[in-house]
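User: I'm new to this one and would like a quick tour. Could you put it up and take my questions?

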Amino acid sequence: MIEEHPFAPYLRIIGKGPGLSRPLTRAEARQAMALILGGEVQPVQVGAFLLLLRYRGETAEELAGFVDATHQ
């Protein structure tokens with residue numbers, strides 16, 4: 001069995017498309033950004049994440065979670 005990358009769930013949450021995706025919780029956003037800042041995410045994954053957020057728009061909770069991760 002192929003092990004899933006730790007960042008995959010976050011892409012899946014925001015990348016399901018209109019009407020099916022949901023915003024990340026503050027904790028999920030913090031964890032996702034911590035993986036990015038820790039260098040644990042491939043550049044193509046970061047690009048996909050940013051494009052999905054740009055398309056859908058960021059929520060206040062997601063932005064707060066991203067800020068939390070930068071302060072850790």
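Analyst: Some ground rules come before the tour. Buried means under 20% relative accessible area, exposed over 50%, and partly exposed in between (1.4 Å probe, protein chains only). Helices (H or I, at least four residues) are DSSP runs, numbered from the N terminus. This is a predicted model, where local features need pLDDT of at least 70, side-chain atom pairs count only at pLDDT 80 or more, and totals for chains, interfaces and linings use all residues. Residues are numbered from 1 along each chain as its sequence is written, and side-chain values use heavy atoms, with hydrogens and water left out.

User: Which residues of helix 3 are buried?

Analyst: Here's a handy rule: an α-helix has 3.6 residues a turn, so residues three or four places apart point the same way. In helix 3, the buried ones are Gln 45, Phe 49 and Leu 53. Seen down the helix axis, they fall within an arc of 70 degrees (taken from the directions from the axis to the C-beta atoms), so they line one face of helix 3. That face is made up of Gln 45, Phe 49 and Leu 53.

User: What do the buried residues of helix 3 pack against?

Analyst: Contact here means heavy atoms within 4.5 Å. The face turned away from the buried side carries exposed residues, among them Leu 51 and Arg 54. The buried residues pack against helix 1 (8-14), helix 2 (26-37) and helix 4 (60-71).

User: How many aromatic pairs are there?

Analyst: Rings of Phe, Tyr and Trp (its six-membered ring) pair if their centres lie within 6.5 Å; planes under 30 degrees apart count as stacked, over 60 as edge-to-face and the rest as tilted. Ring pairs link Phe 7, Tyr 10, Phe 49 and Phe 66 into a cluster. By that rule, the count is three.

User: How many residues apart in sequence are the parts tied together by Phe 7 and Phe 49?

Analyst: These two rings sit edge-to-face, 5.2 Å centre to centre with 65 degrees between the planes. Phe 7 lies in the segment before helix 1 and Phe 49 in helix 3, so the pair ties together parts that are apart in sequence by 42 residues.

User: Is Leu 35 buried or exposed?

Analyst: Leu 35 is found in helix 2. Leaving aside neighbours within four places in sequence, Leu 35 is in contact with Pro 6, Phe 7, Tyr 10, Glu 40 and Val 41. With a relative accessible area of 15%, Leu 35 is buried.

Definitions and conventions
Helices (H or I, at least four residues) and strands (E, at least two) are DSSP runs, numbered from the N terminus.
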